[in-house]
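Open the model and follow the chain through its sheets, then on to the ligand.

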Amino acid sequence: MNQRFKDKRILLGVTGSIAAYKACLVLRLLQEEGAEVRVVMTRAAREFIAPLTFETLTGEEVVEGLFSARRIERTRHIRLAEWADGILICPATANLIAKVAAGIADDFLSTVISASRSPVIFAPAMDLEMARNPIYQSNCRKLADLDYRFVASGEGFLASGATGPGRLADPDRIIDGVATALLKDSRWAGKRVLITAGPTREQIDPVRFLSNRSSGKMGYALAEAAFLRGAEVTLVTGPTFLRAMEGIAVHRIETASEMAGQVASLFPASDMLIMAAAVADYTPAEPSDQKLKKDEANLTLSLSRTDDILTRAAGDKGGRIVVGFALETRDGELHAREKLKKKNLDLVCLNNPFEEGAGFETDTNRITLFARDGTEKCLGLLSKKDTAERILDEVDRLLAGGG
Ligand code: CTP
């Protein structure tokens with residue numbers, strides 16, 4: 001399990017919406033990822049869900065009113081505000097958002113928020129007309145301009161029976177929103193990171209193509225990990241079923257030549273390139289405009305070489321970091337070291353699709369890293385998310401001048 005919130009203290013504010021019951025799941029996910037969580041509920045929230053639920057899940061008293069603490073403790077709101085590395089309001093009602101936007105601090109939760117210097121993240125939930133209300137929307141804009149964060153509500157089936165905007169975002173997206181706000185890393189903040197992912201498709205005729213088994217999971221995990229460290233991430237992706245995290249700029253391509261075009265235009269303004277895509281080395285020399293008809297004879301396809309995108313970019317990389325992958329079924333170490341040198345790379349991530357839990361179409365990978373300073377690190381069997389973190393840690397070492 002990813003421990004993104006290890007050593008982080010998160011205050012979960014629950015306000016009076018029917019979505020309050022979903023806050024329990026969000027709380028569990030935060031804890032599973034290592035966070036220490038305390039809960040503050042508004043009076044209205046207690047109409048929807050009992051404080052005992054949160055007290056059982058956190059082992060801590062849930063505070064409600066400014067003056068209702070069971071233990072006498074002076075300036076408790078200030079101490080709680082200082083304690084929290086981040087405050088998540090989930091669900092956040094239009095009323096709470098309006099109060100914070102107006103600087104009102106008339107209950108325990110709004111007082112803690114006004115006393116906090118840590119990131120505050122709102123996960124709003126309300127009925128569709130309330131979500132469309134221009135006063136609510138202007139309050140959100142005002143808060144966003146003041147660097148408050150939002151995990152935008154989604155569209156869907158609402159408690160009123162209507163369908164539309166206002167539904168609390170999925171718990172996973174809320175957790176990602178908290179991670180984005182909390183886990184900024186100074187070395188990555190503002191870094192422009194270009195990542196490629198997925199397979200390419202090379203057209204044979206209008207209904208057929210040559211491709212490979214790449215799922216894109218490794219590249220998407222890298223994009224997400226870099227984004228959560230504070231980088232500005234651009235993802236150039238071949239066809240996959242994956243959805244990139246909100247905030248990542250996505251360019252969708254099909255062919256190796258389209259990917260080459262995108263990388264050539266985006267690389268000069270980037271600080272780093274990570275080529276995780278499985279780019280076709282060959283493309284049909286003469287793709288047909290019409291569907292090929294079969295006849296008695298065998299069909300021979302003539303293929304021409306595609307450009308090596310990585311070699312081209314790294315040849316002119318200046319001070320940029322360039323990371324490549326090496327997918328090898330034999331003599332991996334030898335080929336990985338060769339690719340590191342020949343392609344002028346800073347880091348090569350070697351994997352072997354024949355090894356159990358590695359390569360395409362899995363949620364895990366087994367990667368060995370070869371850095372430009374000659375160091376070699378075997379990461380072993382890890383989830384692709386954890387593998388992505390370890391690859392970025394290695395890049396971190398290179399950025400810090402450690403290689
Ligand atoms: N790559 C690329 N452009 C290509 C082919 C590959 O940029 N036309 C990149 C891949 O994204 C990967 C690295 O090159 O980061 C190595 O890809 P791999 O398929 O392992 O090796 P190749 O260089 O294609 O060589 P070979 O297939 O002969 O092993």
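Start with a hairpin: S6 and S7 form one, with 5 residues between them. In the turn, Gly161 has a positive phi of about 100°. Strand S6 covers residues 154-157 and strand S7 residues 163-167. The two run antiparallel and are joined by 4 bridges. Gly156 stands opposite Gly164 in S7. Strands here are DSSP runs of E with at least two residues, helices are runs of H or I with at least four residues, and both are numbered from the N terminus. Two strands count as paired if DSSP finds at least two bridges between them.

This is a predicted model, in which local features need pLDDT of at least 70, side-chain atom pairs count only at pLDDT 80 or more, and totals for chains, interfaces and linings use all residues. Residues are numbered from 1 along each chain as its sequence is written, and side-chain values use heavy atoms, with hydrogens and water left out.

Now take the parallel sheet. It is open and has 5 strands, in the order S2-S1-S3-S4-S5. Phe122 stands opposite Phe150 in S5.

Helices pack on this sheet. Helix H6 (residues 108-115) touches strand S1 (9-14), S2, strand S3 (86-92) and S4. The direction of H6 makes about 145° with that of S3. Helix H9 (residues 171-182) lies across S1, S3, S4 and S5, and runs at about 160° to S4. Contact means heavy atoms within 4.5 Å. Axes are lines fitted to C-alpha atoms, for helices over the stretch in contact, and angles run from 0 to 180 degrees between N-to-C directions.

Two backbone details deserve a look. Most residues other than glycine have a negative phi, and most peptide bonds are trans. The peptide bond from Cys90 to Pro91 is cis, with omega near -5°. Pro91 sits in strand S3. Asp147 has a positive phi, near 75°, and is not a glycine. Asp147 belongs to the loop between helix H8 (134-145) and S5.

Move on to the mixed sheet. It is open, with 8 strands in the order S12-S11-S8-S13-S16-S17-S18-S19. Strand S12 (249-252) and strand S19 (376-383) are the edge strands, each pairing on one side only. From one strand to the next, the twist averages 20°. Strand S8 (residues 192-197) and strand S11 (residues 232-237) run parallel, joined by 6 bridges. Leu194 has Thr234 as its bridge partner in S11.

Helix H10 (residues 217-228) packs on this sheet and touches S8, S11, S12, strand S13 (272-275), S16 and strand S18 (364-371). The direction of H10 makes about 165° with that of S8. Helix H13 (residues 332-342) lies across S16, strand S17 (347-351), S18 and S19, at about 155° to S17.

An oxygen atom of the ligand is 2.8 Å from an N or O atom in the side chain of Lys339. A backbone N or O atom of Leu327 lies 2.9 Å from a ligand oxygen atom.

Key
Polar contact = N/O pair within 3.5 Å; in protein donor to acceptor, adjacent residues only side chain to side chain.
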